[in-house]
Amino acid sequence: MEKIVFRHQEIETLPQPQLKELQRQKLQKAVEAALKTPFYKKRLNDAGIRDARDIQTEADFRKIPYTTKHDLREAFPYGMLAADKADVVRMHASSGTTGIPTVVYLTQADLDKAAELNARSCACTGSTKNDVFQNMMTYGLFTGGLMLHYGAERLGMMVIPSGSGNTKRQLQLMKDFRTTVVHATPSYLLHMYDVMKEEGFRPEDFALKKAYIGAEPHSEDIRKKIETLYGIDAYNSYGLSEMNGPGLAFECVCKNGMHLWEDSYIGEIIDPQTLEPLPDGERGELVLTILERNGMPILRYRTRDLTRFIPEPCPCGRTHRRLERMTGRSDDMLIINGVNVFPSQIEEVIMKMPEIGNNYLIRVQKQGSLDKLTVKVEVTASLFSDDSRDLEHIRRRIQSDLQAVVFIRPAVELHEPGALPVSQGKAVRVIDERKES
Ligand code: ADP
Ligand code: ZN
């Protein structure tokens with residue numbers, strides 16, 4: 001394990017009761033700011049909240065209605081802007097995975113705060129000013145690229161703002177500048193490994209030590225695969241544009257869950273059906289409140305992401321509670337012939353098999369009145385050149401292993417390495433053709 005380094009030890013190790021008190025104080029300011037917006041003024045007044053001082057206890061906090069992605073779209077473009085527009089220095093938008101993008105606004109103070117949290121996140125993985133950081137995330141409206149860029153610079157790393165795509169150039173930059181830390185989606189790193197082999201790069205060409213992987217759900221097996229292929233440590237980073245993107249919850253050197261920076265965010269886990277808060281440690285939907293954003297406060301935002309808090313304290317000494325790896329979004333769930341199937345269950349099965357390559361795709365179609373599930377997987381090059389009986393054997397094994405977990409028998413197709421499409425941003429793992437008809 002790497003040495004434990006704090007960026008701001010006092011805050012990072014503040015005992016929970018004091019963190020809660022800090023949250024309470026900051027929440028008052030957030031509610032005060034929210035009440036300046038037409039959207040929250042109405043929403044909070046309707047719930048009987050007229051003044052920030054009405055929110056004192058946990059019970060008061062729970063009277064605040066949830067905010068949803070739908071609300072953000074309804075308030076488009078400026079219905080949730082709390083600051084004077086002249087004080088806004090930046091806007092960002094979500095990547096629109098599940099519909100029209102949503103917009104957030106930041107003042108200079110908000111941007112500084114976000115940069116600081118990202119610097120803290122980098123430091124918490126043991127990175128220092130001696131590192132060379134290659135940022136392979138998309139720059140632009142997407143928060144993933146710029147926010148971690150600012151954080152890495154603030155920590156003093158040398159930043160290579162390579163952005164996403166152009167894999168050969170990425171590899172060349174990594175080699176020429178002895179990159180030690182990369183930031184990318186896990187699916188992109190798996191793809192890059194294939195290109196690295198094809199292009200004849202050797203492990204000793206690189207000085208890579210770490211990868212920050214985020215922006216899309218991935219299993220523990222994917223992390224392990226990345227770590228083994230490159231011989232590095234991979235750290236999970238979770239963020240969403242509504243909450244300023246990365247720098248929200250990040251893994252420390254213990255690599256067992258992501259510390260949610262509780263001096264800046266309030267996290268709750270709710271039952272997505274009843275909408276009731278769940279006790280610590282139970283799995284459900286993550287709800288987040290951003291405590292310090294003057295440009296655009298968001299209170300009790302339903303992320304749709306499924307996770308839980310790990311109740312045990314982390315050996316690193318940080319007191320901010322850890323979120324377990326996301327198992328997907330509540331709206332990711334596929335209903336196939338009446339059976340609930342999460343893409344993450346499928347990924348978990350196939351990534352456990354050493355014969356499987358680095359990419360897969362789930363396709364759902366209508367066949368008469370029934371749904372048909374097809375799982376396409378890339379197998380390793382060596383397997384493809386082997387006896388076709390071996391291939392058939394693998395195909396059947398994948399099929400029965402999947403059936404044991406998702407309770408329906410999918411069609412399984414094997415493909416050569418590189419045959420399935422690779423996305424430049426977030427991986428597209430599911431194609432549901434039923435929606436189009
Ligand atoms: P969109 O909601 O349009 O995808 P964002 O770019 O803000 O827009 O993406 C945020 C979402 O990406 C999160 O709500 C979550 O579903 C997913 N995500 C981000 N980081 C991770 C991660 N480390 N693990 C799993 N999912 C993640
Ligand atoms: Zn820790």
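# A guided look at this predicted model

Val379 has its place in strand E18.

**Val379 and its surroundings**

- Once neighbours within four places in sequence are set aside, Val379 touches Glu355, Ile356, Gly357, Phe384, Leu391, Leu414, His415, Glu416 and Pro417.
- How far apart in space are Val379 and Glu285? From C-alpha to C-alpha the separation is 34 Å, and in sequence the two are 94 residues apart.

**The sheet that holds strand E18**

- Four strands make up an open sheet, and their order is E19-E18-E17-E20. The pairing in this sheet is mixed.
- Which strands stand at the edges? They are strand E19 (411-415) and strand E20 (430-432); each has a single partner strand, so one side of each has no neighbour in the sheet.
- From one strand to the next, the twist averages 15 degrees.
- Strand E18 spans residues 370-379 and pairs with E19 in the parallel sense, over five bridges.
- To see this pairing residue by residue, look for Val375, which stands opposite Val412 in E19.

- Is Asp432 buried or exposed? Its relative accessibility is 11%, so Asp432 counts as buried; the cut-off for buried is under 20%.
- Leaving out neighbours within four places in sequence, Asp432 is in contact with Leu334 and Val364.
- Asp432 and Ile362 are 70 residues apart along the chain, while their C-alpha atoms are separated by 8.1 Å.

**The zinc site**

- Which residues coordinate the zinc ion (ligand 2)? They are Cys252 through SG, His259 through NE2, Cys314 through SG and Cys316 through SG, at 2.1 to 2.3 Å.
- The angles subtended by the four donor atoms run from 104 to 118 degrees, and therefore the arrangement is tetrahedral. For that label, all angles must lie between 85 and 135 degrees.
- Along the sequence, the donor residues follow the spacing C-x6-H-x54-C-x1-C.
- Cys252 sits in the loop between strand E8 (245-251) and strand E9 (258-260), and Cys316 in the loop between strand E13 (309-310) and strand E14 (322-323), so this pair ties together parts that are 64 residues apart in sequence.
- Cys252 is buried, with a relative accessible area of 0%, and Cys316 also counts as buried, at 5% relative accessibility.

**Aromatic pairs**

- How many aromatic pairs are there? The count comes to seven.
- One of them is Tyr78 with Tyr105, a stacked pair whose ring centres are 5.3 Å apart, with 25 degrees between the planes.
- This pair links distant parts of the chain: Tyr78 lies in the loop between helix H5 (69-74) and strand E1 (88-93), Tyr105 lies in strand E2 (residues 103-107), and the two are 27 residues apart.
- Tyr78 is partly exposed, with a relative accessible area of 41%, whereas Tyr105 counts as buried at 7% relative accessibility.
- Phe133 and Tyr212 form a tilted pair, with 6.1 Å from centre to centre and 45 degrees between the planes.
- Phe133 belongs to strand E3 (residues 132-135) and Tyr212 to strand E6 (residues 210-214), so the pair ties together parts that are 79 residues apart in sequence.
- Phe133 is buried, with a relative accessible area of 0%, and Tyr212 counts as buried at 0% relative accessibility.
- Ring pairs also join Phe133, Tyr212, Tyr235 and Phe250 into a cluster.

**Strands E11 and E12**

- Strand E12 (residues 301-307) is mostly covered, with six of its seven residues buried.
- Strand E11 (residues 284-290) pairs with E12 in the antiparallel sense over four bridges.
- Here Val287 stands opposite Arg302 in E12.

**Asn45, in a helix**

- Asn45 lies in helix H3, which covers residues 38-46.
- With a relative accessibility of 17%, Asn45 counts as buried.
- Apart from neighbours within four places in sequence, Asn45 is in contact with Leu35, Tyr40 and Arg50.

How values were computed: Residues are numbered from 1 along each chain as its sequence is written. Chains are lettered from A and ligands numbered from 1 in the order in which they are written. This is a predicted model: local features need pLDDT of at least 70, side-chain atom pairs count only at pLDDT 80 or more; totals for chains, interfaces and linings use all residues. Side-chain values use heavy atoms; hydrogens and water are left out. Donors are N, O and S atoms within 2.8 Å of the metal (3.2 Å for Na, K and Ca); water is not among the atoms, so sites may look incomplete. Four donors count as tetrahedral if all angles lie between 85 and 135 degrees; four count as square planar and six as octahedral if opposite donors are over 155 degrees apart and all others between 65 and 115; anything else is irregular. Buried means under 20% relative accessible area, exposed over 50%, partly exposed in between (1.4 Å probe, protein chains only). Two strands pair if DSSP finds at least two bridges between them. Axes are lines fitted to C-alpha atoms, for helices over the stretch in contact, and angles run from 0 to 180 degrees between N-to-C directions. Contact means heavy atoms within 4.5 Å. Rings of Phe, Tyr and Trp (its six-membered ring) pair if their centres lie within 6.5 Å; planes under 30 degrees apart count as stacked, over 60 as edge-to-face and the rest as tilted.
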